[in-house]
Amino acid sequence: METILQEFQQFLFELELTPTTLDKAQNFLQDVIPVYFQCGQKISKRALFACAVFISVQNIFNIFDSKQEGSNSQPEITVSQLLEKADVNIMDFFSVTCFLKKNYPLSDNVKQNLIALERKYLIVSALFDKFESMSTEIFYMDTTSPTPQNTEGNALLKKHKLLCWLLFLVAKAKVLWHRQELLATFNLLLCCIGEVVKVTPSFLLLPPFDSFVAKNESSLTILEVLSNHFRTKSEEVKAVYDGWLHVANELNVGNKLPEVQELQTIYSKLYAESGDIDESLFFSRDWHLLPSLSEQNLSPRKYPSTSVRRTLDTLEALNTILHSAPDDLTQSLKFCLQAFNLTLSIDFSRTNEACKMSAST
């Protein structure tokens, strides 16, 4: 036990936290260590250190409380910073949070904060995965032999994809900070993608988006094309469009988007205020956030099958089936229904005759 406490003190020393946070973190870990040993030390020790600090910090500063307009306060350290300092993946961190929720008497406030963090991560990680998939259907990447032309085009394309993701993160933090809903967040992502598509050169876009951009169509038209292409109800997308317009006006988004550096600065401030995960790191595929990358050799690993990811996959599969299904019945289905109706008629006639005979006797 003393060895773990000494390691934890060294970990805390590297974080340079305030004395109040240090005391709370040390007291918390001392209480948890007996449970840690009783359960066979099945969780990552470094992840436990990070989680102990996180819980102590959010006990002092309620990370997920409703924001107060004009407030400049922010947590001492963020979850992403803790993951980096502890050198652990977020899946190990969540293993600890699940362990604590099950085996240690956390306060209701702490539990709610942990659940909010887990939910936020699940939604954003699933949407980044979806964003990567959608990008291959929107943007044209030249994979032929490198030339000055396609190298320049691919670099511009990468910049526009980063703009999409950063715009989305800024908009989400400003519009949906009080709501962690999968569909609303996905629809906001579509709004941001549409804005970037509008200012992307048509030769860097795939059909049908290239033709609409070449015609200089409006943002709403492009958004409707995106909604139809990805089988999303345009009415649901437009439900968050007003919120997006508020952010667009704040960023002076017109025919010219903000620079990447400007968006990164804005998002960095929002992320520091929230104190949780740096979602911009998804784009750089930081292994601390991506469960598909292992700690040692960055080898591919499958995403965990979360309820959010299963919902996305199921909805997409259902939409695909419904949109590809013909309006009229197929011949084989008509034949089956006719045979079924014939069988029903025969059975009904026989039953009716049997009833009459039974009644007469």
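In the predicted model, helix α5 (residues 90-103) and helix α6 (residues 108-138) pack against each other, their axes coming within 11 Å and crossing at roughly 150°. The crossing in which α5 passes α6 is left-handed. On the side of α5 the contact is formed by I90, M91, F93, F94, T97, C98 and K101, and these meet K111, L114, I115, L117, E118 and Y121 of α6. Sorted by class, the residues of this contact comprise 9 nonpolar, 1 polar and 3 charged.

Helix α5 also meets helix α3 (residues 45-60), and here the two axes come within 9 Å and cross at roughly 65°. Because angles of 65 to 115 degrees count as roughly perpendicular, α3 is described as roughly perpendicular to α5. The crossing of α3 and α5 is right-handed, whereas that of α5 and α6 is left-handed. The residues that α3 brings to this contact are A47, L48, A50, C51, F54 and I55, while α5 contributes D92, F93, V96, T97 and L100. By class, the contact of α3 with α5 holds 9 nonpolar, 1 polar and 1 charged residues.

The largest nonpolar core has 103 residues, and V53, F93, L100 and W244 are the members that touch the most other members. Helix α7 (residues 148-175) gives the most to this core, with 13 residues.

For the protein as a whole, the secondary structure comes to 15 helices and 0 strands. Of its 361 residues, 43% count as buried. Among contacts between residues at least 6 apart in sequence, 74% join residues at least 24 apart.

A further pair of positions, G194 and S227, illustrates how residues separated in sequence are placed in the model. G194 is found in helix α8 (residues 182-198), and S227 in helix α10 (residues 219-229). The two are 33 residues apart along the chain, and their C-alpha atoms are separated by 9.6 Å. G194 has a relative accessibility of 2% and therefore counts as buried, and S227 likewise counts as buried, because its relative accessibility is 1%. Leaving aside residues up to four places away in sequence, G194 touches I222 and L226, while S227 is in contact with L190, T232, S234 and V237.

A cis peptide bond, with omega about 5°, joins P207 and P208, and P208 is found in the loop between α8 and α9 (209-214). E16, in the loop between α1 (2-15) and α2 (19-38), has a phi near 55°, which is a positive value in a residue other than glycine. Because its relative accessibility is 70%, E16 counts as exposed. R285 also has a positive phi, near 55°, and is likewise a residue other than glycine; its place is in the loop between α13 (260-274) and α14 (307-324). At 42% relative accessibility, however, R285 counts as partly exposed.

Notes: Residues numbered from 1 in each chain as written. Predicted model: local features only at pLDDT ≥ 70, side-chain atom pairs only at ≥ 80, totals over all residues. Heavy atoms only, no water. Axes fitted to C-alpha atoms, helices over the stretch in contact; angles between N-to-C directions. Helix = DSSP H or I, 4+ residues; strand = E, 2+ residues; numbered from the N terminus. Left-handed = near helix turned anticlockwise from the far one by under 90°. Contact = heavy atoms within 4.5 Å. Nonpolar A, V, L, I, M, F, W, Y, C, P; charged D, E, K, R; others polar. Buried < 20%, exposed > 50% of the residue type's maximum accessible area, 1.4 Å probe, protein only. Core = buried A, V, L, I, M, F, W, Y, C linked by side-chain atoms within 4.5 Å. Parallel < 35°, antiparallel > 145°, perpendicular 65-115°, else oblique.
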